[in-house]
Amino acid sequence: MTDKHPAPKDPSEVSREHDETERRLDGPALIIAVPLLLVAIYFAFYGVDSGRSDIETAQMGTPATEAGQVRQITAVTSKTIELPHLQPILPPGPGLEAVEVNCVVCHSPRLITDQPDFSREQWTEIVHKMVGTFGAHVTADDQDLIIDYLTFIKGTDTSGDSQ
Amino acid sequence: MHEPKQSAQQAISRRALLASTAGMCVSALGARLAMAGPPYDDPVARFPEKTALRLLNDRAPQLETPWRYFKEDLTPNEAMFVRWHLQPIPTHVDLNTWTLRVGGHVNETLSLSMDDIRAMPAQEFVAVIQCSGNSRRYFAPRVPGGQWGDGAMANVRWKGVRLSDVLERAGMKSGAVQVTFNGLDTGPLPATPDFVKALDVDHAMQQEILLAYEMNGAELPLLNGFPMRLIVPGWYATYWVKCLSEITVTDTKFDGFWMAKAYHIPDNANASETPNDLAKNTVPINRFNTRSFWVHPSEKTGETEFANGATIPLEGVAFDGGSGIASVEYSLDGGGTWQEATLGDDMGGYAFRRWRAEWTPTTPGIYQLKVRATSNDGETQPVDAKWNHGGYMRNVIETVDVTITGQEDG
């Protein structure tokens, strides 16, 4: 095998080849690209809603000298992060209010919107798990409304009748 | 004239990836102009100490590593996947107040500071961390849970102290049965079961179980478990408890929800069942099965179209539950015939083993490429995907469809 396949490529080379294909741009597209580029650079450097982190370090012991260079030994002493707010807006549907009141207290609506479509039976099981296992306080009426909603927006039943 | 144009376009393709949700319209448009980015990576979001990752959930965070990072031997810390179960998650850890408490069925209860732990002998090795539900989105029929692609895994150099050293320091009493691990995360409601995992004492005392305070030479990102997480090489990441704060030796089998009910697999050789015939007996998920992946070509990076006559580098990674990879074979004809790939450096039995080959197609067309690995234990990968209702342990032979176009354009 090694004879037939000499000099396996460095993975970074593969990545560079890919970059090359990305760089092709038409002339007119550049007119749109330049303002976009400025915006993109702004977001890349300053971030958008990406949360914040505050990391404190302290010097540990005396700086060690290695090969004539002073190497500062530091260690992180604390970390504080601020999580970004990236919740999606739930689509309208019957029972939406019950979902907003009961579900999104503990988890993002994205936990719902990122799921595939399921049958009413499966959604019922999931809602019962949230109540029975994870301790969500949801009245029986609201549980039914939530199941209606989930079946409406993420149901496998294609008849259009969510009830 | 060409120079500034080049760098401008380069900036778009790279920077656009870094922009997050509000910048996503920018990324999307930039993508159309310059990136041809696959939908697999969308949407992306930036979280503290992390680069732009695929957003599965924002609260509690679940973030997946974009596939291109697997071209690197070690997965960068900022690109490693993130998976939390219960909000609120820890957002502040101060090592002046953080301690690791070791108690329960021990002679001496310990309260160790990070200085105490760093003063103990350190161990370092590379091991794959992989979510139990890695690749869940490919289950058919689909199953509930985090809809991971294949990027809920990472190859990381971990550094820390042996769990056995800490347990010996506390001194386990005779009759110890299990060791439980609790992190700083709690849960939104009083009735929500705290995320606590357990290992049998014999397993916990094995030399490779680590309390890691560094990954790839740096402190862990807080979202990946700063200041310390449990490392259970060869076992699914559900056991690798983050922001570890409490170790308890028990004299009975721990029966908390996250061991007794959650993360269970069918108790059979393939951990498989069918939707109409769910397994009656289940056990807690444990050791990885054998997997191998395509890193290039890959539909996940959009690299699937090549010119006839050009030499295409074939490359990927393979790993198993710790015996190491014995061989990797690839097929260029949909599994009809198989050839052996060249294995890359051996970074240890728990690490990714990179594999490579080259292919120079001589006829245009669509080719179905497949890859399968065999572990030193003799385990290989199934032709047909196994199914279980938790969406765990997918390890089917991976396929990538490659298009070879008519002629090589110089």
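User: Which residues of α6(A) are buried?

Analyst: A residue is termed buried under 20% relative accessible area, exposed over 50% and partly exposed in between, with a 1.4 Å probe and protein chains only. In α6(A), the buried residues are D142(A), Q143(A), I146(A), I147(A), D148(A), Y149(A), L150(A), T151(A) and K154(A). This is a predicted model, in which local features need pLDDT of at least 70, side-chain atom pairs count only at pLDDT 80 or more, and totals for chains, interfaces and linings use all residues. Residues are numbered from 1 along each chain as its sequence is written, chains are lettered from A and ligands numbered from 1 in the order in which they are written, and side-chain values use heavy atoms, with hydrogens and water left out.

User: What covers the buried residues of α6(A)?

Analyst: Helices (H or I, at least four residues) and strands (E, at least two) are DSSP runs, numbered from the N terminus. The cover of the buried residues in α6(A) includes α3 (96–102), α4 (110–113) and α5 of chain A.

User: How do the axes of α5 and α6 of chain A cross?

Analyst: Axes are lines fitted to C-alpha atoms, for helices over the stretch in contact, and angles run from 0 to 180 degrees between N-to-C directions. Angles under 35 degrees count as roughly parallel, over 145 as roughly antiparallel, 65 to 115 as roughly perpendicular and the rest as oblique. Here α5 (residues 120–132) and α6 (residues 140–154) of chain A have axes that come within 9 Å and cross at roughly 135°; α5(A) and α6(A) are therefore oblique to each other.

User: Which residues make the contact?

Analyst: Contact means heavy atoms within 4.5 Å. From α5(A) come R120(A), W123(A), T124(A), V127(A), H128(A) and V131(A), and from α6(A) come Q143(A), I146(A), I147(A), D148(A), L150(A), T151(A) and K154(A).

User: What is the layout of chain A as a whole, from the N terminus on?

Analyst: Chain A has six helices and four strands, in the order α-α-β-β-β-β-α-α-α-α. Of its 163 residues, 38% are buried.

User: Where in chain B is there a cis peptide bond?

Analyst: One of them runs from Q87(B) to P88(B), with omega near 0°; P88(B) is in the loop between β4 (82–83) and β5 (92–94). Another cis bond joins H296(B) and P297(B), with omega about 0°.

User: Which value of phi does A271(B) have?

Analyst: Phi of A271(B) is near 50°, a positive value in a residue other than glycine. A271(B) counts as buried, at 3% relative accessibility.
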